[in-house]
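Subject: A structure for you, with notes

Hello,

Here is the structure I promised to pass on. Please have a look at it first, and then read on for what turned up.

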Amino acid sequence: MEARASDLNPVAVLINKALIELPYQFRDQSPVFPGVVESEIGDWTGARGLISDIRSYGGGFGPALRAKSENFIPMLTGTG
């Protein structure tokens with residue numbers, strides 16, 4: 001199904017692209033993150049391959065971001 005959207009807010013446009021366009025472009029493809037295909041047995045129909053890649057690549061960002069921002073955001077360390 002074709003979808004069209006418009007917004008003045010660039011963040012809203014980016015979210016729309018991520019939710020509407022990207023899953024369609026990468027549908028029915030296996031993940032490209034090293035080792036995911038071997039570690040997960042499953043069919044890669046729809047956006048499942050893309051979802052596995054996002055989980056794999058994004059998994060390391062949380063702890064790294066938290067470590068870098070602890071000095072700037074006290075509530076992350078529980079002292080604020």
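What follows is a short tour of the findings, with the cut-offs given along the way.

First, the ground rules. This is a predicted model, in which local features need pLDDT of at least 70 and side-chain atom pairs count only at pLDDT 80 or more, while totals for chains, interfaces and linings use all residues. Residues are numbered from 1 along each chain as its sequence is written, and side-chain values use heavy atoms, with hydrogens and water left out.

Let me start with helix α1, which covers residues 10-25. (Helices are DSSP runs of H or I with at least four residues, strands are runs of E with at least two, and both are numbered from the N terminus.) I15 sits in this helix, and V11, I15, L19 and I20 together make a nonpolar surface patch of about 380 Å². A patch takes residues with over 30% relative accessible area and no salt bridge, joining nonpolar side chains (Val, Leu, Ile, Met, Phe, Trp, Tyr) within 5 Å and like charges within 9 Å. The areas are from the Shrake-Rupley method with a 1.4 Å probe, and for residues only the protein chains shown count as cover. I15 counts as partly exposed because its relative accessibility is 45%; buried means under 20%, exposed over 50%, and partly exposed in between, again with a 1.4 Å probe and protein chains only.

Next, the charges. The structure holds two salt bridges, each being a side-chain nitrogen of Lys or Arg within 4 Å of a carboxyl oxygen of Asp or Glu. One joins E21 to K17, with the closest N and O atoms 2.9 Å apart. These two residues are four apart in helix α1, so about one helical turn separates them. E21 has a relative accessible area of 36% and is therefore partly exposed; K17 is also partly exposed, at 38%. In another salt bridge, the side chains of R48 and D43 meet at 2.7 Å, N to O.

F33 belongs to the loop between α1 and α2 (36-39) and Y57 to helix α3 (residues 48-58), so the pair ties together parts that are 24 residues apart in sequence.

Another ring worth a look is that of Y24: R27 lies over its face, 4.1 Å from the ring centre. The rule asks for NZ of Lys or CZ of Arg within 6 Å of the ring centre and within 35 degrees of the ring normal.

Now to the loop between α1 and α2, where D28 is found. The phi of D28 is near 60°, a positive value in a residue other than glycine. Most residues other than glycine have a negative phi. S30 is in this loop as well and is partly exposed, with a relative accessible area of 39%. Beyond its neighbours within four places in sequence, S30 is in contact with V37, W44 and G49, contact meaning heavy atoms within 4.5 Å.

Setting aside residues up to four places away in sequence, S52 touches P31, V36, E40 and W44. From S52 to P31 the C-alpha distance is 6.3 Å, across 21 residues of sequence.

Finally, R4 lies in the segment before α1. With a relative accessible area of 75%, R4 is exposed, and its C-alpha is 9.3 Å from that of N16, 12 residues away along the chain.

Enjoy exploring it!

Best wishes
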